Amino acid sequence: MSKIFVDACLRKETPYTPVWMMRQAGRYLPEYMKVRAEAGNFLNLCHNPEKACEVTIQPLDIVGVDAAILFSDILVIPHEMGMHLEFVTGEGPLFRDPIKNEEEVDALLGGEAAADKLTYVYETIKLLKEKLPEDKALIGFTGAPWTLATYMIEGQGTKTYNICKKMMYSNPDLLHKILRKVTDVVKFYMIKQIEAGADVVQIFDSWAAAIEPGRYDEFSWKYMVEIAEYIKERYPDIPVIMFPKGVSAFINMGGVYGNFDVFGVDWGTPMSMAKAKLGDKYVLQGNMEPCRLYSKEETTKCVEKIQETMQGEGHIFNLGHGILPDVPVENAIHFVSECKRVSKK
Ligand code: CP3
């Protein structure tokens, strides 16, 4: 049976434009909160394939999206490279010993050995393959090396990125050494997710916009392209989605290149601009401002506008970044059904 989401990624004809939401498995769903409470905490949930599988499937049943995204987190990668990850309630992820020098990079586990430690992720994917309806796709994912490096260097989320940027401008070789090591782990990680059963993979560069446009290629995009090309050489039929958030200027400067299938458009980039610059080469995914979900009327208006621009061609509906925890579930259901309504052929 064909999967509408995979077909759309490969620009094949579909009965409507498929839709999913970034961060669709999470705290806005009471059903998620229940399973997380049973698991004890977020990381236990990531480490428990049965429960991770359950929360991966929830948004398909509850919200009606066309694809499931593996339940995990981008930060399990540095965790398995040897940096101890904690989640501090109300404050997000924390690495208590961020990377400061070359010796600390050398001490991290690298390459396939690090990717091999993420067995719970592959187990979750295998379970999902048994449980997912045949017409629904499973999206695997990773963080982009740059986005992962921001947490590895700062130790936590940051508003200014001053520690990584100090490294970027005063010791770029050290930053490249970190990015290289992470890239080499991520290549194996992606292949192993695909071999476990992921139908599509997405690379999240959530903190792309922290880099000035003229340096974005050097410190992030080229590593993402290297990962995408590594995947496409081995698995040409597996769609690869790139999501660099907040890089309108980079798109405008013609910086986007590489062998991948889908470009995720963030909510700050006009869809019409993305279409003009990239629409011939890549299927576009996106891009409703996630806060529109607080109003059903504003959601409908935005979905109609995106449909008017994309006309159901070379397009996948999504938000322009992740759904927030206080969005009413019925509004998320409304978004998904409106995407299907306006794009029905
Ligand atoms: O449906 C899904 O997308 C579920 C899988 C998923 C999670 N994190 C679960 C999660 C995915 C794809 C991610 C990616 C992720 N993680 C990114 C890139 C995507 C993006 O949103 O930009 C980033 C930057 C992270 C790092 C991270 N993980 C942060 C900053 C936080 C704390 C802030 C927050 O949103 O809670 C997390 C925790 C996290 N990852 C939660 C979930 C469901 C919340 C944990 C909880 O309290 O249950």
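This text walks through the fold of one chain, from its overall form to single residues.

The model is predicted: local features need pLDDT of at least 70, side-chain atom pairs count only at pLDDT 80 or more, and totals for chains, interfaces and linings use all residues. Residues are numbered from 1 along each chain as its sequence is written, and side-chain values use heavy atoms, with hydrogens and water left out.

Start with the whole chain. It holds 16 helices and 9 strands. Helices (H or I, at least four residues) and strands (E, at least two) are DSSP runs, numbered from the N terminus. The C-alpha trace spans about 55 × 50 × 40 Å along its principal axes. A compact globule of 345 residues would have a radius of gyration near 20 Å, and the chain agrees, with 19 Å. That radius is taken over C-alpha atoms, and the globule rule is 2.2 Å times the number of residues to the power 0.38.

How much of the chain is buried? Of its 345 residues, 60% count as buried. Buried means under 20% relative accessible area, exposed means over 50%, and partly exposed lies in between (1.4 Å probe, protein chains only). The accessible surface comes to about 14100 Å², and 50% of it belongs to carbon and sulfur atoms. These areas come from the Shrake-Rupley method with a 1.4 Å probe; for residues, only the protein chains shown count as cover.

Now look at contacts, meaning heavy atoms within 4.5 Å. Among contacts with a separation of 6 or more, 73% come from residues 24 or more positions apart.

Next comes the sheet. Strands of a sheet pair through backbone hydrogen bonds, either parallel or antiparallel. Here, 7 strands form an open sheet with parallel pairing, in the order S1-S4-S5-S6-S7-S8-S9. Strand S1 (67–69) and strand S9 (315–316) stand at the edges; each has a single partner strand, so one side of each is left without a neighbour in the sheet. Two strands pair if DSSP finds at least two bridges between them. Strand S8 (residues 283–285) and S9 pair over 2 bridges. There, glutamine 285 stands opposite isoleucine 316.

Move to strand S6 (residues 240–244). 5 of its 5 residues are buried, so S6 is largely enclosed by the rest of the structure. In a regular strand the side chains alternate between the two faces of the sheet. In S6, Val240, Met242 and Pro244 point one way, while Ile241 and Phe243 point the other way. Strand S5 (residues 200–205) runs parallel to S6, and 5 bridges join them.

Asparagine 287 sits in the loop between S8 and helix H15 (296–310). Arginine 11 is not a glycine, yet its phi is positive, about 60°. It lies in the loop between helix H1 (4–9) and helix H2 (30–39). Tyrosine 161 also has a positive phi, near 60°. Its loop runs between helix H9 (145–154) and helix H10 (162–170). Arginine 11 is partly exposed, with a relative accessible area of 41%, whereas tyrosine 161 counts as buried at 11%.

End on a helix. Aspartate 173 lies in helix H11 (residues 172–196). Is aspartate 173 buried or exposed? Its relative accessibility is 62%, so aspartate 173 counts as exposed. Its C-alpha atom is separated by 9.5 Å from that of glutamate 102, 71 residues apart along the chain.
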